[in-house]
Amino acid sequence: MLLVPIVGLVSFNTATTEITVKGSDTVLPLSQKEAEIFMKKNSSMSITVVGGGSGVGITALMDGTTDIAMSSRDLKMDEKLKFSEGKKEIEQVTIAFDALSVIVNPANKVKQLTREQLEEIYTGKITNWKDVGGADEKIVVYSRESSSGTYEFFKEHVMGKKNYASSVLSMPATGAIVQSVSQTKGAIGYIGLAYDTKEVKQLAVSYNQGKTFVEPSVKAAKDKTYPISRPLFYLYEKTKTAKVKPFVDFILSAEGQKIVAEIGYVPLK
């Protein structure tokens, strides 16, 4: 089942407190489920959750059009400066961890790639699957768009901060990458672990030049044997603490962290 990143969760009760949560598509499924459970327990709270990418959420936080920004990356220096210039003190809370899964079409016989091979595929140096042990077939490369925290994380931690090739196809949402890879035989993409589905195949990845390959999983991310893992954040203005803290505290609670695991993310403990 694909997750559509623009779906909002809105309570139709007579809520006295309305909270908007916006940003990372990676964090979206988790926030949707947490909000759904939280609102059932707190009828006076209404929470709307919208995706669009980490950059979109952070910009909305700057503009004052969201109460909480969801992000799968740290704030950039220029973003920190903008918040400072706007005299906005920002609280950043780690709510969970995520493993980034590299996916291909199930028909692809390739089962594993090294970090170096991934870098060369995404920078355009490797363009055919036969060069990495696959069929003689063109590699169709999918990525998130530049406003995505996942795009930034992949560039920094997988591509060695090198630029994406101009031939890489940018997708507006994680669900769109899953759908495209599932329908394109020579495709490759990357997604948050919670978006994994049987319609695509996960690859094992090596960060020691092919000595050991590890498949993405909650367990491997938790014990840090899987190399492409990262924290997921909520950001909000400190002036909004009283308003948003009940919801943030719920996610950090034992019940909230149990939901983290159930949805397919890595709990804090």
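Helix 1 passes helix 9 in a right-handed crossing, the term for a near helix turned clockwise from the far one by less than a right angle, anticlockwise being left-handed. Helices here are DSSP runs (H or I, at least four residues), numbered from the N terminus. The model is predicted, so local features need pLDDT of at least 70 and side-chain atom pairs count only at pLDDT 80 or more, while totals for chains, interfaces and linings use all residues. Residues are numbered from 1 along each chain as its sequence is written, and side-chain values use heavy atoms, without hydrogens and water.

Two packed helices are described by the angle between their axes and the distance between the axes. The axes are lines fitted to C-alpha atoms, for helices over the stretch in contact, and angles run from 0 to 180 degrees between N-to-C directions. Helix 1 (residues 28–41) and helix 9 (residues 254–263) pack at about 140°, with axes 10 Å apart. That makes helix 1 oblique to helix 9; the word covers angles that are not roughly parallel (under 35 degrees), roughly antiparallel (over 145) or roughly perpendicular (65 to 115). In this contact (heavy atoms within 4.5 Å), helix 1 contributes Pro-29, Leu-30, Lys-33, Glu-34, Ile-37 and Lys-41, and helix 9 contributes Glu-255, Gly-256, Ile-259, Val-260 and Ile-263. By class, six are nonpolar, one is polar and four are charged; Ala, Val, Leu, Ile, Met, Phe, Trp, Tyr, Cys and Pro count as nonpolar, Asp, Glu, Lys and Arg as charged, and the others, Gly among them, as polar.

Helix 1 also meets helix 8 (residues 241–252), where the axes come within 10 Å and cross at roughly 110°. The two helices are therefore roughly perpendicular to each other. On the side of helix 1, Ser-31, Glu-34, Ala-35, Ile-37, Phe-38 and Lys-41 take part, facing Pro-246, Phe-247, Phe-250 and Ile-251 of helix 8. Seven of these residues are nonpolar, one is polar and two are charged.

Helix 8 and helix 9 complete the set: their axes come within 4 Å and cross at roughly 65°. Phe-250, Ile-251 and Leu-252 of helix 8 touch Ala-254, Glu-255, Gly-256, Gln-257 and Ile-259 of helix 9.

Finally, a search of the whole structure finds one cavity of 30 Å³ or more, a cavity being a set of points on a 1 Å grid over the protein atoms alone where a 1.4 Å probe fits but cannot get out. Its lining (residues with an atom within 4 Å of a point) consists of Leu-61, Gly-64, Thr-66, Asp-67, Glu-237 and Lys-240.

Methods:
On a 1 Å grid over the protein atoms alone, a cavity is a set of points where a 1.4 Å probe fits but cannot get out, and a pocket is an open set with protein on both sides within 12 Å along at least five of seven lines; lining residues have an atom within 4 Å of a point. Grid points are joined across faces, edges and corners, and a volume is the space filled by probe spheres set on the points.
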